[in-house]
Structure formats: structure tokens, C-alpha cells
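Here is a friendly briefing to read alongside the model. Please keep the sequence and the 3D view open as you go.

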Amino acid sequence: MTSDTRDHLRPGLQTRHLTMMGLGSAIGAGLFLGSGAGIATAGPAVLVSYAIAGLLVVMIMRMLAEMASAIPASGSFSVYAEKALGRWAGFTLGWLYWFTLIMVLGAEITGVAQIISGWLPGVPQWVVAAVFVTLFAVVNLSGVRQFGELEFWFAFIKVAAIVGFLIIGTLLVFGLLPGTDPVGTSNLLGHGGFAPEGMGGIAAGLLVVVFAFGGIEIVTIAAAEARDPQRAVARATRTIVWRIMLFYVGSVAIMVLVLPWTAPELLSGPFVAVLDLAGLSGAAKLMEVVVVIALLSAFNANVYGTSRMAYSLAGRGDGPSVLRRVSRRDVPWVSVLVSVAFAVVAVALNWLLPDDLLGLLLNAVGSALLVVWVLVAVAQLKLRPRLEREAAERGEAMTLRMWGFPWLTWATLAGLAGLVALMLADDAARVQLASTAVLVAVILATYGVSAWVRRRSA
């Protein structure tokens, strides 16, 4: 990819791209595969866990949207953290997010390779991984519009699958499918009641499901390359939040209505279990295809997200300047290639490293999203008065505002603090928090060294 001397991006995304991107990023393998684990942990009361997690994410998304509509930036929350708290915060948040997505890229493409190799036993997993990594490198290098269009259709397929599942599930619940009767509330309230594991089960379920919502923040990263970003972000986020709540809570509600929460098939494949009950032959194969599409969509979006974050960090002097180079197609091509190269390394880690070392790396990214959310809320608390003042000086009103400021922001921070407390009380989650704390400390130390070098050179 030939580059010129330009170092800026140009708008190429439309509102429909941003809307479907946000929906598609949040509807991933975490919903299609992980919802069964949540049900097995909390029983039907996992609905409460999903509602609490969804409410937290809606609040975070509204804060991000407020800042993104006022300050569209490819570094998104990293830029906002820097403006609100200082350069250290932007550096830490930006590189933490970049590292998180790089590790996730490896896990996603490995998952795709494993499933497709099952369909084509003679094809090695590394060949499948290499083909898709190359394909999405080409897509991301082709231009932001091409990326947005592909992501739009990926997300459309996922949303169509969820809508189809909700329709079939509703018909099943009311006994409107051939050979079925209304299910009533025997599964919802029987087998130990609605909350068979009590409040502890709801809390444990929250830990299982909360990070499944990660990915929606890609909308605010993409805002910098949207046409009329203020309006596009506002419209996209207004529709995203309620749709995601409907998809997650609606899908899980159908699962716990039609099957006992103790059913082993829910744990192995909750969507397949419901579709099998509805008499749909080939449901397992169909859901495998949907899961592959979900993973490929997330991989595509995360290549975009990592490249734009690296581009933004380089532009602020917090990364190598070469990451700022932009091609004639208005793509930060060096950042894209670096992200793809590290994705290949992450794939290799998935195959070569012992389980304990790989587990440590994945644990480190497991709760990194929590750090992002906390700093987003703190940044919004500090930036809101400044953004209002600047808008008033221009004789304008803010395009989009966080509800109930500052009380709902403080309430969200309290909810996140409660989530940290729950994680500290859980052995596995405590390891995640410790690993993330080590990773943050390493990034902060790196910032300290780079700041010292800058001072010496000055």
C-alpha cells in the first residue's frame, strides 16, 4: 500500500454504518455461546443480571456518545481521558484498549479456524486463519467505506438471526408452532424458583454476563470518520441502546421460559437448544454459521478499532510517528498492518503457549473493559461542564447530553465499584483483576519512561 505525506482521515461512514456497527459489535459470541453459562450460574434470575449489566452499559454508552458528539476523535475515550485527566490517562487507556483488542483478535480468529476446520477436516487451522487475516487486512486497507459496508452486512445477518430467534421463540412460548403447547411459567418459576441460587447467584451471573456487552464503544471510535459526526452519533446511540437490551434480555427470557435452567443443552448451546425444541432440523449447523459470522464481524471491527486507536496515539505523540501515515485511500495503513501483524502473533500464542501463560494474558484483558468504563465515567464528569461552557460560548446547545447529570454518572460509578467488589469476592475474577492491574502498571511505567525521555530531549 503506497502512502503519501498526509496524516489525516476523511469521513466515509454513514449513520446506518455506525448504527449497525454498534449493534453488531455487541452481538457476538458472548451472547450466542456465553448466555448458557449465565443461566447455569444464576438460573432464570440471570435476567436480572442481564438487566443490571445492560443498564450499566447503556449509561456508559450515553456518556461516550455525549463526548463523541462534541469531540469526534478516532482515539475516542483515550482522547477524552487525556483532556479530562491528563496525558497519562490518555496514554494508559489507549494502549490498554489496543492490547485488549489485539489479544481478542487472536482468540476470535482461532475460534473461526477451529469451527471451519471442523467443516473441512483436511484443511489445517493455520490455513483458515491465514486466509481470513489476509482478507480482513485487504478490507481494512481498501478504505473506511468498504470496511463500514462489510461490517453493516455482517451486523445485519447477526441482527436478522436474533430477530428470527425471537420470533420463533415467542411462537414456541405461546404454543403457536405445530405440535407445541404454551409453556407457562413452570420453567421460569419451578426447579428451585426464579432465583434458585439467591442474590449470590444473581451477583455471580452478573460477573459472567457483564463483559459480553463489550464492543459497543467502536461506534464512538468510528465517529471521527462519519459524515456529520455529531448527528450520526446521536442517532446511532439512541437506537442502539434499547435494541441491545431487547436482544439480550429477550433472547435469554425465551431460553429460561422454554427449558429448565438446569438443562445441560443450555450450557452447551442455548440457541441451538431452543431451535431444536421448535423442531428446526439443522439448527446446530445454522448457529455455527452465525457464530462464525459473529466472530468474523468482531475481528473486522477490532482491526479497525486497534488501527484507529494506534493512529490517534501516534498523533498525540504517544506512539511511533510511523503509525500516523495515511494512504491515498485515507487509511492509516501502517497502523492497520501493525494490528494485523500482532493479530497473527496472538494466533500463534493461542497455539504455542502453555495454557497457564495464555490464560494469564487473556485474564489480563478480561477485566480491562472495567478500567475503560471507569475512566469514561470520570472523564465525562470532568468534561461535561467544559463542553457546556464551550457550546454556550458558540451560541449553541450540546447535540446530546447524558441523562440526570451528574447523579446518574455517580450512580454508574457506584455500580462499577460494586462490580469490582463482586470480582474481589470471586476467585477467578480476582485473578482477572490482579492480571489487569499488572498490565495497567506496566503501561503506566512505560508512560513514565517515555515522559522522562521527552523531558530529557527537551
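His191 is placed in the loop between α9 (186–189) and α10, where helices (H or I, at least four residues) and strands (E, at least two) are DSSP runs numbered from the N terminus. Although it is not a glycine, His191 has a positive phi of about 55 degrees. This is a predicted model, so to speak of local features a pLDDT of at least 70 is needed, side-chain atom pairs count only at pLDDT 80 or more, and totals for chains, interfaces and linings use all residues. Residues are numbered from 1 along each chain as its sequence is written, and side-chain values use heavy atoms, with hydrogens and water left out.

**Backbone points to look at**

- At 43% relative accessibility, His191 counts as partly exposed; buried means under 20% relative accessible area, exposed over 50%, and partly exposed in between (1.4 Å probe, protein chains only).
- Most residues other than glycine have a negative phi, and most peptide bonds are trans.
- Ser76 also has a positive phi, near 45 degrees, and is a residue other than glycine.
- The loop between α4 and α5 (77–85) holds Ser76, which is buried with a relative accessible area of 0%.
- From Phe405 to Pro406 the peptide bond is cis, with omega near 0 degrees.
- Pro406 belongs to the loop between α18 (368–393) and α19.

**The chain as a whole**

- The chain has 20 helices and zero strands.
- For 458 residues, a compact globule would have a radius of gyration near 23 Å, and the 22 Å of the chain agrees with that; the radius is taken over C-alpha atoms, and the globule rule is 2.2 Å times the number of residues to the power 0.38.
- The C-alpha trace spans about 75 × 55 × 40 Å along its principal axes.
- Of the 458 residues in the chain, 54% are buried.
- Contact means heavy atoms within 4.5 Å. Among contacts in the chain between residues at least 6 apart in sequence, 81% join residues at least 24 apart.

**The largest nonpolar core**

- A nonpolar core is a set of buried Ala, Val, Leu, Ile, Met, Phe, Trp, Tyr and Cys residues joined through side-chain atoms within 4.5 Å.
- The largest such core has 155 residues, of which Leu18, Phe32, Phe77, Tyr80 and Trp373 touch the most other members.
- Helix α15 (residues 283–315) supplies the largest share of this core, with 16 residues.
- Beyond its neighbours within four places in sequence, Leu18 has contacts that include Leu13, Val219, Ala222, Val233 and Ile240.

**Where α10 meets α19**

- Helix α10 (residues 198–209) and helix α19 (residues 407–424) have axes that come within 10 Å and cross at roughly 100 degrees. The axes are lines fitted to C-alpha atoms, for helices over the stretch in contact, and angles run from 0 to 180 degrees between N-to-C directions.
- That angle makes α10 roughly perpendicular to α19; angles under 35 degrees count as roughly parallel, over 145 as roughly antiparallel, 65 to 115 as roughly perpendicular and the rest as oblique.
- On the α10 side, Ala203, Leu206 and Leu207 meet Leu419, Leu422 and Met423 of α19.
- The residues of this contact are six nonpolar, no polar and no charged. Ala, Val, Leu, Ile, Met, Phe, Trp, Tyr, Cys and Pro count as nonpolar, Asp, Glu, Lys and Arg as charged, and the others, Gly among them, as polar.

**Buried residues and their surroundings**

- His17 sits in helix α1 (residues 15–26) and is buried, with a relative accessible area of 1%.
- Not counting residues up to four places away in sequence, His17 touches Gly12, Arg145, Gly148, Glu149 and Phe152.
- Ser49 is part of helix α4 (residues 46–70) and is buried, at a relative accessible area of 0%.
- Leaving aside neighbours within four places in sequence, Ser49 contacts Ala42, Ile202, Gly205, Leu206 and Val209.
- Ile39 lies in helix α3 (residues 35–42) and is buried, with a relative accessible area of 0%.
- Residues up to four places away in sequence aside, Ile39 touches Val46, Val252, Met255, Val256, Trp261 and Leu266.
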